[in-house]
Amino acid sequence: MATLLRAALRPLRPPPGHRGPAADVLLRGARHGAGQLYPEHIPTSLLQKVLLAAGSAGMALYDPYRHDMVAVLGETTGLHALKVLRDQMKRDPEGAQILQERPRILLSTLDLDKLHSLPEGSLGQEYLRFLDVNRVSPDTRAPTRFVDDEELAYVIQRYREVHDMLHTLLGMPTNMLGEIVVKWFEAVQTGLPMCILGALFGPIRLHTQGLQVLVSELIPWAVQNGRRAPCVFNLYYERRWEQPLRALREELGITDPPMLVRALA
Amino acid sequence: MAAPRSCALWSYCGRRWSRLMRCCELPGLRSSWPGGPLGARQLSQEKQATETHFGFETVSEEEKGGKVYHVFESVAKKYDVMNDMMSLGIHRIWKDLLLWKMRPFPGTQLLDVAGGTGLAWVLGDAEELPFDDDKFDVYTIAFGIRNVTHIDQALQEAHRVLKPGGRFLCLEFSQVNNPLISRLYDLYSFQVIPVLGEVIAGDWKSYQYLVESIRQFPPQEEFKEMIEDAGFEKVTYESLTSGIVAIHSGFKL
């Protein structure tokens, strides 16, 4: 019993050369800086991860505007799925490049002028239009904190930044309905528990009208496309801004959505 | 702490949390003080470049004030909710006990420092209070003194502003006396509280600081001696909830 408790309380990846924590450290957590694998990293024990996962799931359901809770849920439950995703990326030449170069989709890294100047219908233009119409910014993504592996921390960060690209690819707005559709697509593509939970429980907050069209048309479409398309995280989007969106959709086998889902005015 | 309705006359009690520097050196703010009736106070000039603790981190003394400020600025919005969640409402009982010990009556001149979400308020610095000597009957500080950079200075200031016969009362986290409860308390503090902070307030780090700062605060006997060093007499303490908190009391005679 005591050994089980000790295992649950130990931060999941002790730093190399670590002797083994004394009981005092077990109960109190690692000293400042000890076990930190990347700048924003907060090492957590298994118990803390379980509590965080449960708490963030509950809070995200209770208050859907707590996007930070969705992020925390993803980080605390996604270790296995992130490993699978990372391995998938490694096996693909474009994906491997992304893992190597670690590009970030941020306002500071995007050349907005260049994107504006691109032809109508290109990925870059459509992405900008999506940001504009939905009034979102790529910089609202919180940094990863609870993933105890530095490469996987990047993978989940990449997943978050690609999420907006998926909205553009699928033609879905950032309202509740649109988000759920994207979550179904992501759930099929990544197997991340957070996506699966979001896909299953998100609809609780929808009105019957939205629910009906979701279940009858949008979910089947999202699932079909999610299964048919190759791993969308293997795409180096930053190098494809000029590519016409239509062509990219064809390349991925993504069909037009069954109906137009409008963004909120 | 929040002011109870039962006490009639409260002067200079409480501090609006979100707008205040509680325990920081802020020379700039003093110049905006109206001065006048409460007397001018000279600012302390020297600041030592020594190190101190900020939770389990080591920081310079100069830095600490600012860092503490940011913590409390961050927790201000959800302060009362979080206190209830973390202590399961027990903090209200502790504060009630403090009031009970105090037995204030109409006419008591009370100063509550680091007052949190209290009522009428005055901005100041616990290490340099904007009041004249011998002003108050009672000085209270609940869950505040642990965050002050120079606790001894805060105690000296408390002594100064109290009238002869005045009473100092401090409610603060202390050392648990029972080994089993101590382990459970540590477990709860370090495993659960930062998680609560993250889920409810979206702020892990402030609550990590909170539980660490509790461990850095001197235990009951040592704090009693510090109070005596500041000139107080008849210093006593009472541990509550197995020593999770303690109420220290002293008199200026």
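Modeller: Here is a close look at one helix and its surroundings.

This is a predicted model: local features need pLDDT of at least 70, side-chain atom pairs count only at pLDDT 80 or more, and totals for chains, interfaces and linings use all residues. Residues are numbered from 1 along each chain as its sequence is written, chains are lettered from A and ligands numbered from 1 in the order in which they are written, and side-chain values use heavy atoms, with hydrogens and water left out.

Take helix α10 of chain A, residues 176-190. Helices are DSSP runs (H or I, at least four residues), numbered from the N terminus. The 15 residues should span 21 Å, and the end C-alpha atoms are 20 Å apart, which agrees. The expected span is 1.5 Å times one less than the number of residues.

α10(A) is mostly covered, with eleven of its 15 residues buried. Buried means under 20% relative accessible area (1.4 Å probe, protein chains only). Among them are Leu177(A), Ile180(A), Val181(A), Phe185(A) and Thr190(A). Lys183(A) and Glu186(A) are buried too. The cover includes α5 (79-91), α9 (150-170), α11 and α12 (208-228) of chain A. Contact here means heavy atoms within 4.5 Å.

Thr190(A) is one of the residues that Phe233(A) touches. Phe233(A) also touches Leu85(A), Met89(A) and Leu166(A), among others.

After α10(A) comes Gly191(A). Its phi is positive, near 70 degrees.

Definitions and conventions: Helix = DSSP H or I, 4+ residues; strand = E, 2+ residues; numbered from the N terminus. Buried < 20%, exposed > 50% of the residue type's maximum accessible area, 1.4 Å probe, protein only. Lists of a residue's contacts leave out its neighbours within four places in sequence.
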